[in-house]
Amino acid sequence: MSDTSPQGVLVCDKPQGLSSHGVVSRIRRWFGTKKVGHAGTLDPMATGVLVLGLGRGTKLLTYITGVSKTYFATIHLGSSTPTDDADSEPDRFADPSDLARVDAAAIEAAVARLRGPIDQVPSAVSAIKVDGKRSYARVRAGEDVELKARRVEVSEFQIIDIRFSAVDGHIDVDVEVDCSSGTYVRALARDIGTDLGTFGHLTALRRTRVGDFHIDQAVTLPEDLDVPAPTLISLAEAARTLLPVVTVDADRARALMQGKTVAAGDWHADPDAGDTGNREVAVVCGDALVSVAEVRRNGGLKSLTAFAIDLA
């Protein structure tokens with residue numbers, strides 16, 4: 001019997017003030033299904049691209065979480081907050097004389113020092129686990145948490161606009177950031193403020209890209225969840241954006257779904273990609289995603305995660 005529940009991937013434009021888990025809850029109600037997950041949490045303050053998997057689409061989320069991302073953000077220089085963003089009240093403020101010494105050239109130099117591979121200390125109020133407990137939970141319990149620096153990659157960090165406000169005692173800097181998974185943009189704001197001696201935190205954050213999923217694909221959550229739900233990105237289409245593709249006929253597809261190893265056919269690893277061992281690929285038969293499989297050194301294809309229930 002065919003599974004008629006929603007199967008696929010949805011790109012959502014997360015609204016401000018709603019947690020990623022809150023988006024999942026609304027998507028469950030909108031599509032009338034329980035099996036929904038998301039890849040890459042956005043804080044309640046943030047907006048933009050949140051990629052969700054529905055049904056067997058949840059199996060693809062692991063291949064989405066590690067991709068690079070693009071953000072537009074506003075960095076507020078002149079004060080800092082316990083969370084490094086606007087979700088908490090400022091608790092430290094720059095001396096006006098220190099703020100007055102900062103010009104556009106100094107801000108550009110501070111930004112430039114955070115481009116490329118950097119060792120970043122995540123914000124203490126983050127979801128990183130420390131001895132099995134979320135860091136933010138430890139902070140809220142009154143603990144002093146010191147997280148270890150992690151190597152991340154900030155491939156692009158561009159200033160879009162700088163607004164000096166001497167009367168109000170702050171500087172706002174609009175930026176665009178391309179970065180690896182695991183990069184905290186609010187930590188970039190914190191570190192620029194520290195570098196300039198002015199304190200700093202994030203006041204706006206919008207994610208516009210997660211891998212090959214872009215904001216122009218994103219659907220907006222309606223207030224009325226009785227409106228028809230949108231068409232999902234199919235499993236096969238989503239997999240093609242995440243993995244190399246191997247096309248098989250129905251006989252090989254069925255064999256893979258039975259746990260057998262089959263020939264990978266004419267698929268070959270890209271010699272320029274540095275492939276020296278086994279490689280994960282998306283296996284497609286017609287319009288159906290059969291599995292994520294491993295192409296072994298001997299050319300055999302072995303299923304790792306099955307998707308198709310039946311094949312026409």
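**Figure 1. Strands β16 and β19 run antiparallel and are joined by three bridges.** In this pairing, which requires at least two DSSP bridges between two strands, β19 spans residues 300-306. Ala263 lies opposite Gly300 of β19. Strands here are DSSP runs (E, at least two residues) and helices are DSSP runs (H or I, at least four residues), numbered from the N terminus. The model is a predicted one, in which local features need pLDDT of at least 70 and side-chain atom pairs count only at pLDDT 80 or more, whereas totals for chains, interfaces and linings use all residues. Residues are numbered from 1 along each chain as its sequence is written, and side-chain values use heavy atoms, with hydrogens and water left out.

**Figure 2. Helix α7 packs on the sheet.** Helix α7 (residues 250-257) touches β15, β16, β17, β18 and β19, a contact being heavy atoms within 4.5 Å. The direction of α7 makes about 155° with that of β16; axes are lines fitted to C-alpha atoms, for helices over the stretch in contact, and angles run from 0 to 180 degrees between N-to-C directions.

**Figure 3. Five strands form an open sheet of mixed pairing.** The strand order is β15-β17-β18-β19-β16. Strands β15 (245-247) and β16 (261-263) stand at the edges with a single partner strand each, so one side of each has no neighbour in the sheet. On average, neighbouring strands of this sheet are turned by 45° against each other, direction ignored.

**Figure 4. Strand β1 is largely enclosed by the rest of the structure, because seven of its seven residues are buried.** Strand β1 covers residues 8-14; buried means under 20% relative accessible area, with a 1.4 Å probe and protein chains only. In a regular strand, side chains alternate between the two faces of the sheet. Gly8, Leu10, Cys12 and Lys14 point one way from β1, while Val9, Val11 and Asp13 point the other way, and all are buried.

**Figure 5. Strand β1 pairs with β3 in the antiparallel sense and with β14 in the parallel sense.** Seven bridges link β1 to β3 (residues 47-54), and Asp13 stands opposite Val49 of β3. Two bridges link β1 to β14 (residues 219-220), where Val219 is the bridge partner of Cys12.

**Figure 6. The protein chain contains seven helices and 19 strands.** Of its 312 residues, 47% are buried. The chain exposes about 15400 Å², of which carbon and sulfur atoms supply 49%; accessible areas come from the Shrake-Rupley method with a 1.4 Å probe.

Terms used. Buried < 20%, exposed > 50% of the residue type's maximum accessible area, 1.4 Å probe, protein only.
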